[in-house]
Amino acid sequence: MTEFRNTAQPDRDWWSALWPDPRDTLETLGIAGDGSLVDVCCGDGHFTVPAADLVSGPVYAVDLDGELLAALEDRVEDQETVTTVEGDATTLPDLLPERVECALLANTLHGIPEKTAFAEAVAGVLEPDGRFVVINWVDAPPSETPVLDEPRGPPEELRMTPEETITAVEPAGFQAHETVSVSPHHYAVIFERT
């Protein structure tokens, strides 16, 4: 099982302060309409829940932590389109029963040791014209990315510039399509499968 560095689920209060409107963030990134999605390293589903309202197809929520997935299941018990999957995201093609149109990875890439190999696993579950949306912390010290008046986010040495994110992901069979600012402390790179 892969060790993901500094990717523990944040405290609910500051997570909600950081992402007060996850639905709006997803819409900004073009996640809406027809299609299916996998929320990779989903935690307790802060982005999964609004994604299920935005896409018409199935939503798969993948995480290593069964307790977080249980909390997500409680939140989506009335949403039949969400399926939780406990497992190592580096083996994503073995975890999902079908290919999806979009993969979302939020606040986690910085902690994955073999980033390109991980992106290859994501490519393995996407439709030929699928998209991979990566949300990352900006490359700045935690003191410059405060939430609720405290330094937040991963250590500076783990943070990645958009260019570093692109360099890590593109060799796995992707082309960067767009880089978008999605919060004062985050950017997203939208990749298309090539």
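Student: Why does Arg23 count as partly exposed?

Tutor: Arg23 has 35% relative accessibility. Buried means under 20% relative accessible area, exposed over 50%, and partly exposed lies in between, with a 1.4 Å probe and protein chains only. The value for Arg23 falls in the middle class, so Arg23 is partly exposed.

Tutor: A word on the model first. It is predicted, and local features need pLDDT of at least 70, side-chain atom pairs pLDDT 80 or more, while totals for chains, interfaces and linings use all residues. Residues are numbered from 1 along each chain as its sequence is written, and side-chain values use heavy atoms, leaving out hydrogens and water.

Student: What makes Arg23 and Glu27 a salt bridge?

Tutor: Their closest N and O atoms are 3.6 Å apart. A salt bridge needs a side-chain nitrogen of Lys or Arg within 4 Å of a carboxyl oxygen of Asp or Glu. The pair meets that cut-off, so the name applies. Glu27 is partly exposed, at 40% relative accessibility.

Student: Why are Arg23 and Glu27 separated by about one helical turn?

Tutor: They are 4 residues apart in helix H2 (residues 22–28), and that is why. Helices are DSSP runs of H or I with at least four residues, strands are runs of E with at least two, and both are numbered from the N terminus. An α-helix has 3.6 residues a turn, so residues three or four places apart point the same way.

Student: How many salt bridges does the whole structure hold?

Tutor: The search finds 3. One of them joins Arg75 and Asp44, at 3.9 Å from N to O. Arg75 lies in helix H4 (residues 66–75) and Asp44 in the loop between strand E1 (37–40) and helix H3 (48–54), so the bridge ties together parts 31 residues apart in sequence. Arg75 is partly exposed at 40%. Asp44 is buried at 12%.

Student: What pairs with Glu150?

Tutor: Arg152 does, with the closest N and O atoms 3.5 Å apart. Glu150 has 42% relative accessible area, so it is partly exposed. Arg152 has 16%, so it is buried.

Student: How do you know whether Asp149 is buried or exposed?

Tutor: Its relative accessibility is 80%, so Asp149 counts as exposed. Asp149 sits in the loop between E6 and E7. Its phi is near 65°, a positive value in a residue other than glycine. Leu148 is found in the loop between strand E6 (146–147) and strand E7 (150–151), and has a positive phi of about 50°. Most residues other than glycine have a negative phi.

Student: What makes Val122 buried, and what does it touch?

Tutor: Val122 has 0% relative accessibility, so it counts as buried. It belongs to helix H6 (residues 115–123). Leaving aside neighbours within four places in sequence, Val122 is in contact (heavy atoms within 4.5 Å) with Leu92, Ala103, Phe132 and Phe174.

Student: Which residues touch the most other members of the largest nonpolar core?

Tutor: Leu29, Ile31 and Ile135 do, in a core of 32 residues. H3 gives the most to this core, with 4 residues. Apart from it lies another core, of 31 residues, among them Leu96, Val100, Ala119 and Val169. A nonpolar core is a set of buried Ala, Val, Leu, Ile, Met, Phe, Trp, Tyr and Cys residues joined through side-chain atoms within 4.5 Å.

Student: Why is one side of E3 and of E8 left without a neighbour in the sheet?

Tutor: The open sheet has 7 strands, in the order E3-E2-E1-E4-E5-E9-E8, with mixed pairing. Strand E3 (82–86) and E8 stand at the edges, each with a single partner strand, so one side of each is left without a neighbour.

Student: What makes E2 and E3 a pair?

Tutor: Two strands pair if DSSP finds at least two bridges between them. E2 and E3 run parallel and are joined by 5 bridges, so they pair.
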